[in-house]
Amino acid sequence: MSQKLVMPEAAAPPALEVGGLTVAFEKQGRRVEVVSGVSFSIAAGRTLGVVGESGCGKTMTSLAVMGLAPANGQVSGSIRLAGQEMVGASERAWADSRGARAAMVFQEPMSALNPVMTIGRQIAEVLVRHRRLGWREAHEQAVEALASVGIPSPALRAKDYPHRLSGGMRQRAMIAIALACRPAVLVADEPTTALDVTIQAQVLDLMVEMQERLGMAIQFISHNLAVISEIADEIVVMYAGKVVEKAPADELFTSPLHPYTRGLIETLPDPQRRVARLPVIPGAVPKLDVDFRGCRFAGRCRLADDHCRAVSPELELHAADHWVACHKVDV
Amino acid sequence: MSVLLDIDSMCVHFKVGAGLFKPGKTLRAVEKVSLKIGENETLALVGESGSGKTTLGRVVAGLEVPTAGQVRFRGERIQSSGKIQMVFQDPFSALDPRMLVGDIVAEPLRLLGEGTAAQRRERVRAMIEQVRLPADAADRYPHEFSGGQRQRIAIARALISNPELIVADEPLSALDVSIQSQVLNLIMDLKDSRKLALLFVSHDLAVVHHIADRVAVLYLGRLVEIAGRDELFSRPSHPYTRALLDAAPRIGARRTRGASTLKGEIPSPINPPSGCVFHTRCPKATDICRSAEPVLEALPDRPGQWAACHFKE
């Protein structure tokens with residue numbers, strides 16, 4: 001069991017508090033909500049896992065948290081970074097915040113890093129922008145940052161361009177850039193999905209280690225339930241833009257309540273319980289540009305009835321810290 | 001078990017970086033690999049990227065020519081007879097977007113010159129039904145289908161020539177989690193009903209445990225261990241196999257940092273380490289590992305399990 005940094009419970013607001021977050025687009029004269037009323041909060045030193053399939057809105061949620069939602073997207077609700085409301089904030093305020101208070105690590109380091117700038121300069125840039133350091137001092141700190149994420153020969157690697165590094169090393173470099181200014185919140189969007197399992201294990205270790213050292217809150221987005229299970233303290237399950245279940249990590253896997261969560265867990269092959277045929281969730285994730293009435297999962301749900309198809313279920317508290325949005329769960 | 005496919009000391013080398021005045025270097029993607037696949041057997045190939053598993057699969061499917069060694073199918077050299085077919089990882093790039101699904105599925109028959117157009121249409125119709133696509137799928141284009149449905153189209157194309165062996169290279173990894181089990185069930189159903197053998201290339205050990213009869217572990221182009229599924233998962237012999245199993249994330253397992261994480265990265269196949277190629281990352285490595293390359297040997301008292309390590313468990 002890893003030791004988590006113990007934070008005083010009272011006083012300090014959560015590092016990240018998201019309330020009723022909605023991201024909507026106009027598509028052919030119709031309003032399409034790709035993120036719909038999402039709420040969660042993460043305390044310093046804790047990790048929230050966001051799990052769901054493609055099209056469930058998990059990436060759009062994290063982009064919104066970084067102020068990076070596409071310009072034609074309408075963001076409403078509340079995003080509080082270390083207590084400060086960011087929805088409606090100016091681009092200038094977002095720019096001051098990004099990298100300093102909240103930073104992001106992406107799935108594909110090769111497309112997220114600047115290919116024509118050395119690794120060292122990409123870290124130094126953040127320090128010059130937010131810490132007002134001179135370039136020389138920033139470069140020295142950049143080398144230290146590379147060393148702290150376990151990159152061998154950091155002084156040499158700082159002078160390399162991203163294409164010279166392996167996938168795992170690039171992801172380490174991206175973590176170094178993200179953590180250079182000690183942000184309160186790290187948003188990691190599928191950070192290990194492009195990596196081999198052995199390198200994935202190394203990068204997960206690194207994130208746990210950096211969290212112990214720096215105490216940031218992590219929002220960890222993944223489609224991989226096993227990865228989420230290993231890294232998260234609390235888990236949010238998203239489906240078609242909505243949160244369908246939210247619970248402490250252990251509880252979610254031992255007693256999942258939403259039929260979608262249950263389905264996801266059951267469909268995974270489990271070496272401990274080998275079955276001839278895997279259970280399946282029929283159908284596929286719906287397209288969001290239709291008028292949803294009722295529960296968005298109803299079309300694939302074995303339990304769905306007319307009420308489910310007519311009335312959208314609210315997220316309700318079922319047990320301690322365990323929230324679920326389903327008419328078929330006895331609340 | 002009667003042998004369907006017999007790979008004997010297969011090497012696949014690529015010339016890289018050669019120029020007008022430069023000799024270039026040799027990339028050893030697959031190095032002296034020998035293994036057999038029996039009728040109706042599923043053999044899984046596992047290993048990190050750069051282990052040579054995809055290259056090996058491509059040779060078996062006839063898409064790559066081995067530099068040395070033999071690959072025999074029912075005792076004969078591989079020919080394009082439609083008896084070995086392939087399913088690729090990405091169903092978005094594996095299907096020609098300008099061809100109708102019916103023509104895509106029929107193409108192997110057309111290339112093999114089998115049947116009349118009417119007969120081919122009938123076989124396509126039956127095949128589309130078997131992979132549980134909608135009946136009108138033949139008259140539509142690939143872009144009208146989701147990822148899971150496209151992989152069904154690719155499976156239909158692979159099966160239409162009645163192959164005996166399917167090479168499936170990461171057929172699930174581009175699909176959504178809830179779709180993976182649908183496609184995995186379909187592959188297993190078709191394998192049973194058509195008595196297929198399967199060479200299943202995958203990095204997902206939970207899926208491998210579900211589908212495989214035997215598992216071959218590759219590292220830097222070498223076969224380091226091969227064993228029956230249960231033996232490999234319960235008693236891995238090679239330290240690399242153990243490291244792979246330990247690295248796989250598991251539901252309910254809280255991350256215990258660094259406990260058994262494999263250090264470092266897979267070395268370059270252009271300039272592989274001396275001796276045992278795994279020695280640079282191996283927790284057990286000693287002087288002998290740095291100088292002498294271990295050979296693949298049967299483990300005493302463990303039938304069917306072979307490993308290439310000086311310190312086999």
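**Helices, sheets and contacts in a predicted model**

Q: Why are α7(A) and α8(A) called roughly parallel to each other?
A: Helix α7 (residues 167-179) of chain A packs against α8(A) at about 15°, with the two axes 10 Å apart. Axes here are lines fitted to C-alpha atoms, for helices over the stretch in contact, and angles between N-to-C directions run from 0 to 180 degrees. Angles under 35 degrees count as roughly parallel, over 145 as roughly antiparallel, 65 to 115 as roughly perpendicular and the rest as oblique, and α7(A) and α8(A) are therefore roughly parallel.

Q: Which residues make the contact of α7(A) with α8(A)?
A: From α7(A) come Gly167(A), Gly168(A), Gln171(A), Arg172(A), Ile175(A) and Leu179(A), and from α8(A) come Ile199(A), Gln202(A), Val203(A), Leu206(A), Met210(A) and Leu214(A). Two residues are in contact if their C-beta atoms, placed from the backbone, lie within 7 Å. By class these residues are seven nonpolar, four polar and one charged, where Ala, Val, Leu, Ile, Met, Phe, Trp, Tyr, Cys and Pro count as nonpolar, Asp, Glu, Lys and Arg as charged, and the others, Gly among them, as polar.

Q: What makes α2(B) and α4(B) roughly parallel to each other?
A: The axes of helix α2 (residues 101-112) and helix α4 (residues 147-159) of chain B come within 7 Å and cross at roughly 30°, and α2(B) and α4(B) are therefore roughly parallel. In this contact Val101(B), Ile104(B), Val105(B), Glu107(B) and Pro108(B) of α2(B) meet Ile153(B), Ala156(B) and Arg157(B) of α4(B), a set of six nonpolar, no polar and two charged residues.

Q: How do you know that β1 and β4 of chain A pair?
A: Strand β1 (residues 16-27) and strand β4 (residues 74-81) of chain A are linked by seven bridges in the antiparallel sense, and two strands pair if DSSP finds at least two bridges between them. Thr22(A), for instance, has Ser76(A) in β4(A) as its bridge partner.

Q: Why do β2 and β5 of chain A stand at the edges of their sheet?
A: Four strands of chain A form an open antiparallel sheet in the order β2-β1-β4-β5. β2 (30-42) and β5 (84-85) of chain A each have a single partner strand, so one side of each is left without a neighbour in the sheet.

Q: What is the pairing in the sheet of eight strands in chain A?
A: This open sheet, in the order β6-β7-β8-β3-β9-β10-β12-β11, has mixed pairing. Within it, β3 (residues 47-51) and β9 (residues 234-239) of chain A run parallel and are joined by four bridges; Leu48(A) has Glu234(A) as bridge partner.

Q: How many bridges join β1 to β2 in chain B?
A: Strand β1 (residues 3-16) and strand β2 (residues 25-38) of chain B run antiparallel and are joined by 10 bridges, with Lys36(B) as the partner of Asp6(B). β1(B) also runs antiparallel to β4 (residues 68-73) of chain B, over five bridges, and Asp8(B) stands opposite Gln70(B).

Q: How many residues does each chain give to the contact between chains?
A: Chain A gives 39 residues and chain B gives 35. The largest share of chain A's side, nine residues, comes from α8(A), and that side has 20 nonpolar, 11 polar and eight charged residues.

Key. Residues numbered from 1 in each chain as written. Chains lettered and ligands numbered in written order. Predicted model: local features only at pLDDT ≥ 70, side-chain atom pairs only at ≥ 80, totals over all residues. Helix = DSSP H or I, 4+ residues; strand = E, 2+ residues; numbered from the N terminus.
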